[in-house]
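Subject: Structure handover

Hello,

Here is the structure I said I would pass on. Please have it open while you read the notes under it.

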Amino acid sequence: MDKAIIDRLEYVEETYAGEIETWHDPVTDTYYHVPLTILRDWENCEALMRDLQNPNT
C-alpha cells in the first residue's frame, strides 16, 4: 500500500477478536481491514509473584 495512503488512514476499531483492525481513508472514503500480527517477546517476560496464603488470587 502507498505510504501516502497509510499516513492519512484513521483508526476505526478492532475487529474479529483482535485479529483485524478497521481503518478509514477520509480522502477516498474507503475502509480497510488490516490483519494484525502478534509478536510475543518471551526473552523479556517477567514472572508474577503469587500469594500462596490466598489460593483464590
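The notes below go from the overall layout to the sheet and then to single residues.

Overall layout

Please keep in mind that this is a predicted model. The protein has 1 helix and 3 strands, and from the N terminus on the elements run α-β-β-β. The radius of gyration is 19 Å, while the globule rule gives 10 Å for 57 residues, so the protein is more spread out than a compact globule. Along the principal axes, the C-alpha atoms fill a box of roughly 60 × 25 × 15 Å. Of the 57 residues, 12% count as buried. Among the contacts with a separation of 6 or more, 4% come from residues 24 or more positions apart.

The 3 strands make an open sheet in the order 1-2-3, with antiparallel pairing. Strand 1 and strand 3 are the edge strands, each pairing on one side only. On average, neighbouring strands of this sheet are turned by 25° against each other, direction ignored. As background, strands of a sheet pair through backbone hydrogen bonds, and the pairing can be parallel or antiparallel.

Strand 1 and strand 2 pair in the antiparallel sense over 5 bridges. They form a hairpin with 4 residues between them, and tyrosine 16 in the turn has a positive phi of about 55°.

The aromatic pair

How many aromatic pairs does the model contain? The count comes to 1 aromatic pair. Tyrosine 11 and tryptophan 23 form this pair, which is edge-to-face, with 5.4 Å centre to centre and 75° between the planes. The pair links distant parts of the chain, since tyrosine 11 is in strand 1 (residues 10-15) and tryptophan 23 is in strand 2, 12 residues apart. Tyrosine 11 is partly exposed, with a relative accessible area of 45%. Tryptophan 23 also counts as partly exposed, at 23% relative accessibility; the cut-off for buried is under 20%, so tryptophan 23 does not count as buried.

Histidine 24 is found in strand 2 (residues 20-25). Is histidine 24 buried or exposed? Its relative accessible area is 12%, so histidine 24 is buried. Leaving aside neighbours within four places in sequence, histidine 24 is in contact with Arg8, Leu9, Glu10, Val12, Asp29, Thr30 and Tyr31.

Aspartate 29 is found in the loop between strand 2 and strand 3 (30-35). With 54% relative accessibility, aspartate 29 counts as exposed, whereas histidine 24 is buried. The backbone of aspartate 29 has a positive phi of about 55°, although the residue is not a glycine.

After the sheet

Leucine 36 lies in the segment after strand 3. At 34% relative accessibility, leucine 36 counts as partly exposed. Apart from neighbours within four places in sequence, leucine 36 is in contact with Gly18, Glu19, Ile20 and Glu21.

Regards

Conventions: Residues are numbered from 1 along each chain as its sequence is written. This is a predicted model: local features need pLDDT of at least 70, side-chain atom pairs count only at pLDDT 80 or more; totals for chains, interfaces and linings use all residues. Side-chain values use heavy atoms; hydrogens and water are left out. Helices (H or I, at least four residues) and strands (E, at least two) are DSSP runs, numbered from the N terminus. Buried means under 20% relative accessible area, exposed over 50%, partly exposed in between (1.4 Å probe, protein chains only). Contact means heavy atoms within 4.5 Å. Rings of Phe, Tyr and Trp (its six-membered ring) pair if their centres lie within 6.5 Å; planes under 30 degrees apart count as stacked, over 60 as edge-to-face and the rest as tilted. Two strands pair if DSSP finds at least two bridges between them. Axes are lines fitted to C-alpha atoms, for helices over the stretch in contact, and angles run from 0 to 180 degrees between N-to-C directions. The radius of gyration is taken over C-alpha atoms; the globule rule is 2.2 Å times the number of residues to the power 0.38.
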